[in-house]
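I opened a notebook for this structure and wrote down each thing as I looked it up. The entries follow in that order.

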Number of protein chains: 6
Amino acid sequence: MYLYSQQLINEIAPGEPDPAAANALQEGLGGQFGEMRTMMQYLFQSMNFRGDASAQPYRDLLQGVGTEEISHVELIGTTISRLLDGAPGYQGKKSDPVDEPGAKGATPLSIAKDTGNIHHFLVGAQGALPVDSAGNPWSGSYVYNSGNLVLDLLYNLMLESTGRLQKCRIYQMTDNPTARSTIAYLIVRDQAHENAFAKALESLGIDWGKTLPIPKTNAEQFPEVKKLVDLGLQSVQYTFDVDGASQAAKLYRGASPSNDGTELSTAVMPDGVPVTISPERKEEFAPGLDPELLALIQATAEVEIETINKTDTTAS
Amino acid sequence: MYLYSQQLINEIAPGEPDPAAANALQEGLGGQFGEMRTMMQYLFQSMNFRGDASAQPYRDLLQGVGTEEISHVELIGTTISRLLDGAPGYQGKKSDPVDEPGAKGATPLSIAKDTGNIHHFLVGAQGALPVDSAGNPWSGSYVYNSGNLVLDLLYNLMLESTGRLQKCRIYQMTDNPTARSTIAYLIVRDQAHENAFAKALESLGIDWGKTLPIPKTNAEQFPEVKKLVDLGLQSVQYTFDVDGASQAAKLYRGASPSNDGTELSTAVMPDGVPVTISPERKEEFAPGLDPELLALIQATAEVEIETINKTDTTAS
Amino acid sequence: MYLYSQQLINEIAPGEPDPAAANALQEGLGGQFGEMRTMMQYLFQSMNFRGDASAQPYRDLLQGVGTEEISHVELIGTTISRLLDGAPGYQGKKSDPVDEPGAKGATPLSIAKDTGNIHHFLVGAQGALPVDSAGNPWSGSYVYNSGNLVLDLLYNLMLESTGRLQKCRIYQMTDNPTARSTIAYLIVRDQAHENAFAKALESLGIDWGKTLPIPKTNAEQFPEVKKLVDLGLQSVQYTFDVDGASQAAKLYRGASPSNDGTELSTAVMPDGVPVTISPERKEEFAPGLDPELLALIQATAEVEIETINKTDTTAS
Amino acid sequence: MYLYSQQLINEIAPGEPDPAAANALQEGLGGQFGEMRTMMQYLFQSMNFRGDASAQPYRDLLQGVGTEEISHVELIGTTISRLLDGAPGYQGKKSDPVDEPGAKGATPLSIAKDTGNIHHFLVGAQGALPVDSAGNPWSGSYVYNSGNLVLDLLYNLMLESTGRLQKCRIYQMTDNPTARSTIAYLIVRDQAHENAFAKALESLGIDWGKTLPIPKTNAEQFPEVKKLVDLGLQSVQYTFDVDGASQAAKLYRGASPSNDGTELSTAVMPDGVPVTISPERKEEFAPGLDPELLALIQATAEVEIETINKTDTTAS
Amino acid sequence: MYLYSQQLINEIAPGEPDPAAANALQEGLGGQFGEMRTMMQYLFQSMNFRGDASAQPYRDLLQGVGTEEISHVELIGTTISRLLDGAPGYQGKKSDPVDEPGAKGATPLSIAKDTGNIHHFLVGAQGALPVDSAGNPWSGSYVYNSGNLVLDLLYNLMLESTGRLQKCRIYQMTDNPTARSTIAYLIVRDQAHENAFAKALESLGIDWGKTLPIPKTNAEQFPEVKKLVDLGLQSVQYTFDVDGASQAAKLYRGASPSNDGTELSTAVMPDGVPVTISPERKEEFAPGLDPELLALIQATAEVEIETINKTDTTAS
Amino acid sequence: MYLYSQQLINEIAPGEPDPAAANALQEGLGGQFGEMRTMMQYLFQSMNFRGDASAQPYRDLLQGVGTEEISHVELIGTTISRLLDGAPGYQGKKSDPVDEPGAKGATPLSIAKDTGNIHHFLVGAQGALPVDSAGNPWSGSYVYNSGNLVLDLLYNLMLESTGRLQKCRIYQMTDNPTARSTIAYLIVRDQAHENAFAKALESLGIDWGKTLPIPKTNAEQFPEVKKLVDLGLQSVQYTFDVDGASQAAKLYRGASPSNDGTELSTAVMPDGVPVTISPERKEEFAPGLDPELLALIQATAEVEIETINKTDTTAS
């Protein structure tokens with residue numbers, strides 16, 4: 001059973017609207033090696049997990065990483081949404097959001113025709129989509145769950161490394177600070193997960209030598225990544241476990257298989273930053289343009305605020 | 001940010017292996033109107049939500065239902081896994097699991113060729129798959145998120161009703177108690193979500209008259225459903241909100257739009273039942289068949305159990 | 001612009017419910033070489049057609065065949081629907097429809113788990129689906145429209161021949177009279193279309209020799225086909241043209257390229273048989289089970305019947 | 001059975017070639033909420049319709065709207081074709097079609113590499129494709145036909161509203177008069193269909209209050225739309241019924257559920273404008289470049305024109 | 001550049017028609033981890049390979065294994081074709097092929113409706129299809145080619161191991177000797193390729209310990225596999241290199257990483273067995289049923305045999 | 001069984017990096033009418049071929065053309081790879097490859113966001129992908145193999161002609177010499193294959209008149225094509241048959257059906273040009289950036305070069 005805290009797992013830096021960067025980030029959300037895939041793959045591997053009691057730590061490891069990936073979906077999805085928000089008014093210098101629908105025949109959404117994915121403005125309302133950077137919808141056929149523990153772990157290691165490889169390439173495509181704050185964070189967390197699966201495979205007999213991490217990012221070269229690596233974020237695993245029952249820590253300790261001199265450690269969850277709500281975009285009819293409806297919502301909300309004080313206690 | 005409790009959201013009744021029922025349930029997991037779809041649709045609608053402060057209850061409602069759907073994915077996925085487990089040995093009367101690979105050329109998996117989806121035994125290891133009951137992989141193109149609040153809610157109402165319609169049909173396809181315990185629970189929870197979106201649309205001006213719920217299941221006819229309806233489970237909404245910050249309760253109160261005479265109410269989360277791990281299946285090479293590897297895992301685990309007592313405190 | 005007559009293009013023979021035959025026929029509806037594809041391919045070729053005045057007959061030919069294909073979609077779709085209708089009660093000897101939902105936990109839809117496509121009972125309500133006989137959804141990628149007249153005609157000839165080949169195979173899979181009445185009709189009409197495209201290619205210089213028709217069905221062997229061939233239905237082309245403006249007849253005359261000794265001729269449209277409405281199926285919640293709703297529909301209908309007498313004249 | 005009149009359902013305004021606008025319009029043709037989808041969805045709902053005699057008006061309503069959608073496919077497909085035609089020679093100021101293939105190594109199609117969908121020039125010959133604006137082929141999985149009348153109508157209402165929402169966004173992407181004449185027309189007709197399904201749901205007990213239409217376009221702001229709304233086109237339903245047997249008018253009368261003060265009314269069909277044929281494009285080898293072939297076609301056509309006068313009477 | 005020898009890479013044992021086994025084998029041909037995928041993945045990795053001269057052995061290794069996979073596609077495709085051939089007449093005891101189309105309304109293909117994939121008889125003519133065992137068409141999205149050497153090799157190792165895992169499961173589904181002769185051969189060759197990629201990764205620093213092979217098949221248990229393992233076929237690599245230029249042997253020598261005590265060695269190619277042509281199937285119209293056409297082919301062939309003696313020398 | 005020679009089937013002319021041209025060429029590789037499709041279609045038609053001894057030449061023809069198509073996949077894939085290589089540094093005037101990853105936050109891959117397919121830089125490492133020019137992955141559903149000889153040959157003729165049509169359009173999109181050298185070669189070879197299938201159909205009774213080739217390219221207009229046509233490359237068929245057993249020559253002789261005055265002839269294989277390896281691209285982490293790993297490879301290679309001299313003789 002899953003619970004939710006109204007916190008983003010990492011802070012998203014402010015920046016200019018940037019639909020091209022938003023589209024590149026879609027690979028990290030809905031791509032074959034993106035966060036929707038890691039999330040679904042680990043949740044299926046957890047649900048279908050087989051083994052006796054001694055295998056519990058492996059299951060808990062998969063479950064913990066899988067739970068983190070849901071928060072990564074939320075983080076990168078929200079980042080894409082912010083990069084798209086206000087983009088129709090963007091002129092290359094500053095953000096000038098356009099909220100009026102095309103009165104008198106104006107074309108406030110004309111930018112959409114030349115952008116990375118026209119669906120960001122036509123099917124969605126300047127928000128993230130469950131597709132990759134080439135517009136392919138996410139597919140259930142991506143999920144790998146052979147049921148063989150060694151193969152599942154080996155695939156997961158390769159999956160995290162490929163996700164990290166792709167994010168290193170995205171990093172080199174844009175210097176938009178909003179995009180980079182999330183990309184850098186995910187590069188480091190992918191390495192933490194790479195370490196987790198590598199370590200689990202070590203317990204099954206593989207010695208990685210100096211192969212890890214893949215790719216070797218040379219963090220010194222990517223300033224936003226280096227900052228997080230210096231904090232050791234690549235060597236911490238979270239359980240997101242409200243019961244304190246996870247045995248994943250058994251598999252994530254000792255020297256990092258990435259040979260960076262750090263020791264692996266486990267925590268329940270990181271601090272987050274509060275989730276906020278995006279502004280309305282009338283040119284997208286989301287939800288705006290209807291004064292009557294707005295008045296109705298407002299009225300309902302006010303009545304509800306009054307009522308809630310009395311009835312709130314009945315809840316739960 | 002999401003957290004996890006090692007609890008299933010509802011108990012799964014014991015029963016015989018039943019791959020045909022398992023395959024019918026796949027529609028409720030990976031089908032176009034199944035739990036993976038509701039989960040993803042509401043998470044995207046939450047991430048991309050737009051509005052001013054008065055719109056917060058709508059966002060929190062979407063977020064809360066979306067969080068519940070992750071647990072529904074876990075519940076129905078685990079149910080499918082149990083229905084498949086041991087099926088190769090099933091002879092129509094009792095469960096006789098086959099764990100030995102095909103020594104001397106035996107064919108312990110021969111049942112797979114005539115089953116609903118051969119992939120349950122060939123690609124997965126007697127576990128759930130992210131596909132529908134006809135074998136189509138789940139697709140990101142299912143997710144609807146127009147950004148227009150009325151349309152998104154209207155779609156969600158139709159989505160929950162269709163999910164419920166399909167589950168009522170699945171109910172009529174099998175009387176396997178394992179399958180039915182989960183199907184009955186989801187029929188009732190789908191109605192709760194139908195109520196939630198219907199109520200939100202009432203706040204925007206629609207009067208549903210006697211249209212709801214869709215379909216009218218006549219719970220008296222479906223015994224497993226009736227039991228849960230008598231408990232009022234169709235009129236409770238969960239927030240799964242660890243912060244107590246959700247405003248969703250503002251939209252879910254008063255008389256049920258389903259006109260069943262109940263009052264709507266909100267709670268944080270239901271009690272659950274502990275998650276368990278499925279047994280090994282050697283005929284699937286999951287993970288078994290390798291004494292050396294098992295010895296290695298065992299040894300590692302023992303060393304870790306010793307060590308964990310000392311290092312456990314360093315976590316979090 | 002398209003018009004509609006409440007007539008099926010050919011009569012569907014009565015017969016037993018037969019979900020296995022229904023599923024085989026899905027190839028002829030939603031398969032890569034089925035009626036949805038021919039319909040869409042010719043409509044796109046018509047819309048995008050290029051040429052000077054002398055090319056008009058080719059366009060009109062495509063448009064006329066394309067219009068017929070919409071009626072073929074209706075014919076085969078309705079046939080599938082009839083073959084599925086009542087199937088849940090089918091016991092091999094006679095049709096015994098089950099209309100009661102699963103009261104007291106009964107399983108009236110249990111047949112669905114072992115049928116050709118479970119979606120016929122789970123996603124649809126014993127009705128046709130836009131998929132092929134293996135369950136793959138119809139895809140826009142099937143449509144061929146190169147813009148080169150010779151290539152488009154050559155593809156169309158091959159398309160009709162392949163459709164006919166597949167229908168000859170379906171004929172050999174079932175002797176259900178409902179299925180066969182439609183399959184036999186479409187085998188003969190596919191040959192008429194094969195003739196049409198072959199003749200158009202003759203006008204562009206190709207001599208088919210004795211190659212046509214493909215395949216050579218030896219109509220004497222297929223009794224239901226022979227009956228229609230004896231009527232000459234394979235050598236008539238319809239325009240479905242309400243304006244009498246079609247020039248397609250210019251391309252469809254003289255000796256049949258199938259070398260069967262007939263002369264080609266053109267007509268506007270065949271006689272049809274009245275369309276009827278299928279009965280309710282309560283076990284599918286389609287639409288039944290709700291006395292209140294039925295009463296409401298009835299009341300509305302009665303009021304409307306009164307009113308329509310007065311307002312009907314305002315229409316058109 | 002379907003008939004055809006060589007008339008477009010609405011006039012397409014002349015304008016400059018505009019491949020970017022053409023690509024945006026593809027969403028309205030082959031997108032998940034475009035005209036191919038509405039057409040197919042309503043045709044399937046008609047074929048599979050269930051009910052007793054009192055349900056006939058609902059079936060006829062679906063059939064009538066479905067028939068109109070075929071003409072919408074023709075309208076928007078033809079519009080896309082016109083927007084693409086001559087685009088290779090377009091320089092931003094005037095249209096300068098290029099009809100010569102790349103003699104001496106010239107690159108008359110170089111524009112294609114940077115356009116919305118390169119397939120418009122590479123797979124098609126400057127014509128419409130059965131894909132959406134992101135290039136995804138149309139899929140049969142889009143079609144919704146649950147068999148439950150309330151759900152089907154509710155989905156249809158949402159579908160028309162979403163189609164209209166997307167077209168309002170497309171309107172804001174381009175001021176090309178060719179594109180806008182069709183987009184404005186379809187916005188208004190989508191509203192008519194929205195009204196139709198809303199009214200049918202009113203007969204089943206739902207009161208829409210002031211929710212409709214969705215989105216509220218404020219027609220005054222979109223000049224091309226306002227012109228058609230002032231003509232009342234959003235409140236007329238067509239039956240396209242050559243037999244006069246449709247009972248759909250029973251469900252489409254009284255005050256508009258869109259609360260615009262109009263009365264709903266029914267007509268058989270609108271006036272249309274003659275269909276024309278597009279010019280050849282030799283750079284696309286469609287069909288040009290072959291003097292011999294052209295001579296052959298010409299000769300054949302002339303012979304046929306002579307012959308047709310004598311044999312024409314034998315037809316029909 | 002590729003060359004062809006009219007030899008199958010391994011002998012296919014004779015056996016009864018068996019469409020259920022044929023369908024299970026489709027996973028090994030067109031499945032996500034089947035031979036079409038390995039073939040395409042290695043060919044793309046070869047074409048796109050990057051590196052300086054020292055990397056040549058890695059490229060040659062990929063090229064050599066990729067070339068072998070084309071022959072595996074031919075082997076398993078031919079095996080499926082043989083398992084399907086004559087199946088319509090199969091009655092459970094002996095093979096009784098049916099070659100007459102459905103004269104007098106007979107249904108010689110009725111078996112197709114209840115078989116693993118109806119397309120084997122309806123779309124193909126009792127032949128292999130490029131789909132998996134659940135009927136999903138092979139997709140280009142399966143191909144993995146990150147460009148990073150370590151990741152590509154790691155994926156390939158996992159890919160071969162998963163292919164082998166699936167084939168071990170297929171082995172346990174059928175004891176049909178035709179199916180097993182090919183499955184057993186591919187299990188052993190997949191291990192050879194697993195060894196190849198494992199060894200290449202050893203050269204990059206990984207020590208596999210006792211992890212390989214995955215899964216541990218315990219060859220003693222699978223008699224058909226044991227026979228080939230005893231011949232050492234799992235420890236030989238072929239180059240299929242007509243120039244003798246391949247450097248792949250540099251990477252494939254020394255002790256097997258599978259720890260079975262064998263030494264790895266390299267050869268150009270195995271002996272094969274002659275390819276044969278399958279008999280006609282008239283009930284599939286493949287190609288039969290047309291005496292005129294057959295006479296024509298015969299006549300042409302005879303003329304050609306005469307002529308070929310004179311002109312043959314002009315070739316090459 | 002297939003063999004490999006380290007030779008490209010035709011020389012690729014040097015030229016500037018050109019990702020837009022590379023993307024156009026993807027249609028010729030992974031498009032519905034590209035080389036992956038012809039290759040797979042003919043290999044399946046060969047494997048599943050049916051007939052008596054007189055049909056052998058048809059099978060051998062399909063096998064021979066199919067084998068050539070594998071080399072075409074290699075040729076066009078390598079061409080795309082070369083057009084992409086170094087593109088990140090391309091400034092419109094000269095090639096300035098960027099090999100350093102984004103040190104200090106630089107964005108060497110920023111070009112990727114505005115290119116034809118961002119996956120060329122994000123998923124691949126400046127290499128070819130198994131997708132078409134609109135980014136759709138290649139699909140097994142493309143393959144046509146009805147089993148009916150006439151239909152298969154007719155489809156193949158249409159397939160080659162459509163491939164040629166599309167390549168003529170690509171020719172007109174770019175004058176990049178690298179792209180054109182391959183496109184011109186494939187235009188001419190497609191014509192050779194068109195001739196092959198046309199001739200085979202002649203043997204079955206069809207007279208093509210002056211219809212072929214389709215389209216009529218007027219080679220004089222396309223200089224790069226004319227050069228190859230003058231060499232007669234469109235009238236030579238290769239067997240790629242190492243055994244000399246192919247009977248395909250029986251079907252490919254006499255006057256060309258393209259009426260260009262040439263005589264058809266058969267050869268085993270053309271001369272090729274040596275395959276080379278592409279340079280590393282560190283900005284893609286392919287494979288670079290890791291001095292340790294490079295040292296390891298180097299060391300291993302050196303040891304191997306020593307060893308190979310002794311052990312090489314054990315191979316084969």
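**Entry 1: Asp60(A)**

In which helix of chain A does Asp60(A) lie? I found Asp60(A) in helix α3 (residues 56-84) of chain A. Helices here are DSSP runs of H or I with at least four residues, strands are runs of E with at least two, and both are numbered from the N terminus.

I noted what I was looking at: this is a predicted model, in which local features need pLDDT of at least 70, side-chain atom pairs count only at pLDDT 80 or more, and totals for chains, interfaces and linings use all residues. Residues are numbered from 1 along each chain as its sequence is written, while chains are lettered from A and ligands numbered from 1 in the order in which they are written.

UniProt, in an unreviewed entry, places the feature "binding site" at Asp60(A). UniProt positions are given in the numbering used here, feature names are shortened, and annotations may be inferred rather than shown by experiment.

Asp60(A) is buried, because 24 other C-beta atoms lie within 10 Å. The cut-offs are 20 or more other C-beta atoms within 10 Å for buried, 12 or fewer for exposed, and partly exposed in between, with C-beta atoms placed from the backbone. Not counting residues up to four places away in sequence, Asp60(A) touches Ser246(A), Gln247(A) and Ala248(A). Contact means that the two C-beta atoms, placed from the backbone, lie within 7 Å.

**Entry 2: the other annotated positions in chain A**

I went back to the UniProt record. The unreviewed entry also gives "binding site" at Glu35(A), Glu69(A), His72(A), Glu160(A) and His193(A). These positions are spread over 159 residues of sequence but cluster in space, with a largest C-alpha distance of 12.9 Å.

I looked up two of them. Glu35(A) is in helix α2 (residues 35-47) of chain A. Glu35(A) counts as buried because it has 25 other C-beta atoms within 10 Å. Leaving aside neighbours within four places in sequence, its contacts are Gly28(A), Leu29(A), Glu69(A), His72(A), Val73(A) and Ile76(A).

Glu160(A) sits in helix α5 (residues 149-171) of chain A. Glu160(A) has 25 C-beta neighbours inside 10 Å and therefore counts as buried. With neighbours within four places in sequence left aside, Glu160(A) is in contact with Asp190(A), His193(A), Glu194(A) and Phe197(A).

**Entry 3: chain A as a whole**

I counted 8 helices and 6 strands in chain A. Along the sequence the pattern is β-β-α-α-α-α-α-α-α-β-β-β-β-α. Chain A has 316 residues, and 69% of them count as buried. Of the contacts in chain A between residues at least 6 apart in sequence, 77% join residues at least 24 apart.

**Entry 4: a helix in chain C**

Ile187(C) is buried, with 28 other C-beta atoms within 10 Å. Ile187(C) and Cys168(C) are 19 residues apart in sequence and 7.1 Å apart in space, C-alpha to C-alpha.

**Entry 5: where chains C and D meet**

The contact takes 89 residues from chain C and 89 residues from chain D. On the side of chain C that touches chain D, the largest share, 12 residues, comes from α3(C). By class that side has 42 nonpolar, 34 polar and 13 charged residues. Ala, Val, Leu, Ile, Met, Phe, Trp, Tyr, Cys and Pro count as nonpolar, Asp, Glu, Lys and Arg as charged, and the others, Gly among them, as polar.

I then checked the strands. β1(C) is joined to strand β1 (residues 2-4) of chain D by 3 bridges, and the two run antiparallel. Strands pair if DSSP finds at least two bridges between them. Leu3(C) stands opposite Leu3(D) in β1(D).
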